[in-house]
Amino acid sequence: SLHARLYLSSTGELVDLMPQVSQGLAVYAPQGYSVVQAVGTQRFDNEITLPGNRFNLVSLWVDPVDASLSSHFSQIGLAIMQDDEGNAWIPQYGIDQIGQWNTERAYYAYRTGTDTVSVPISGRPIVRSEQPVALHGGRFNQVPMLYGEPQAATHVFGALTSRLAIVQDDEGNAWIPDLNFNSLGDLRPGKGYQLFLTGKDTTVVYPEPQQALSKAPGGAVRSNAPASEHYKDQVVATGKPWTLVIEGWSENVPADAEISLWDGEQLVGAARRSAAGATAVTAWMADPSMELPGFTPGNPVMARIWAPAAQQEIDAVLTGREGGALRFGEGPYGVGTVSLASSVDVETGPELPTEYALERIYPNPFNPATTIAYALPAQSRVRVEVFDVAGRLLAVLADATLPAGRHTVSWDASS
């Protein structure tokens, strides 16, 4: 097809020309001719920002002049890009299942390094009315941000509210319509988002932009739970979140408590209790291929409370809405309540054990999961191993230095 560019010497800019054919051919052809009117459209740079050593959700609001992934990302230490259909680009191994950038999707991108890199990608602004975005029902979709300026998530996806379970970014912010919870606020150019839609597959055409009002006074937007102080340097934000909303607390949980989420002995998320309303805690999923620690989907969610007055970490009971246990990644998000044993004094902390003990295994017998409780009278190095009747090692459930107190670890024999 016909394509032309105009160089503006006064500014050094390239302007794309969109030929509108009035006579002749709309393609290049031997001995052919075309009479066109050239309409110029200025190219814009779509900045893609990539912090290192984590997964980043990225998307484009421009139709790129060069849609090749390798042209833009080969020299910045990019390890992998993934779409939501299981396709990947892995430069190190010469694997390219994606090919050209599809502007209807967002991509997870992981790059090595501790710094942050910005990659400008040039193109014309996408005509949103001509680019419907396909959405699959019953699962997460990686969707793009098709605007060059911030837009409220509630405006962009408002037409889907009745079927929308959650929209979330790679930093743990989320909009959950059913809970009237919104810490996401504005969608930002260059970022991608995860959207979980219930029901059947559909398509959505993004609406015309409006002024970003999502953080206006009186709006539903609020911050996530305040960041944890006690656990802040121990949680690894992998870029792959799962949101747990705590909607209730037992009376003996202090107002200034911090809650931490654990997969066995792996800390995967933490936050301070919100002063008002629900507390949203982001748990981060592991990625073994990139050696990122986190939760494994399907494993039980364990919780602990840090009581600042007692300077003590206390095992908590986390109960789902239906009265059962919660598991990481079951459903687009989790909702639960937190309680402490009535005997716990959050001012002085629970009475410490006087001896080492393997206290109980519950339930016992079990099928397929059980919880093992043990007691430490002092800070100790702990390794919990499971063997079968023939003496073969089946699993290592804990291998860490732990504080004095009572601890639990879960084991799923089916995994």
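1. Let's start at one residue: serine 59 counts as buried because its relative accessibility is 0%. Buried means under 20% relative accessible area, exposed means over 50%, and partly exposed is in between (1.4 Å probe, protein chains only). Serine 59 sits in the loop between strand E5 (54-58) and strand E6 (62-64). Helices (H or I, at least four residues) and strands (E, at least two) are DSSP runs, numbered from the N terminus.

2. A word on what you are looking at: this is a predicted model, in which local features need pLDDT of at least 70 and side-chain atom pairs count only at pLDDT 80 or more, while totals for chains, interfaces and linings use all residues. Residues are numbered from 1 along each chain as its sequence is written, and side-chain values use heavy atoms, with hydrogens and water left out.

3. Now the whole chain. The protein chain has two helices and 32 strands. Of its 415 residues, 47% count as buried. Among contacts between residues at least 6 apart in sequence, 68% join residues at least 24 apart.

4. Next, the largest nonpolar core. A nonpolar core is a set of buried Ala, Val, Leu, Ile, Met, Phe, Trp, Tyr and Cys residues joined through side-chain atoms within 4.5 Å. The largest one holds 25 residues, and Ile259, Leu261, Ile305 and Leu318 touch the most other members. Strands that each supply at least two residues of this core include E21 (241-249), E22 (258-263) and E26 (312-320). E21 provides the largest share, four residues. A second, separate core has 21 residues, among them Val143, Tyr147, Leu164 and Leu187.

5. Not counting residues up to four places away in sequence, valine 156 touches Tyr147, Gln151, Leu187, Tyr206 and Pro207. Aspartate 186 is 30 residues from valine 156 along the chain, and their C-alpha atoms are separated by 9.5 Å.

6. Which strand gives the most to the lining of the second largest pocket? That is E31, with six residues. Strand E31 (393-402) and strand E32 (405-412) each supply at least two lining residues. By class, the lining has 10 nonpolar, seven polar and four charged residues. Here Ala, Val, Leu, Ile, Met, Phe, Trp, Tyr, Cys and Pro count as nonpolar, Asp, Glu, Lys and Arg as charged, and the others, Gly among them, as polar.

7. Finally, two backbone angles to check. Most residues other than glycine have a negative phi. Asparagine 53, however, has a positive phi near 60 degrees, and asparagine 180 has a positive phi of about 50 degrees. Asparagine 53 is partly exposed, at 34% relative accessible area, whereas asparagine 180 counts as exposed, at 55% relative accessibility.

Methods. Contact = heavy atoms within 4.5 Å.
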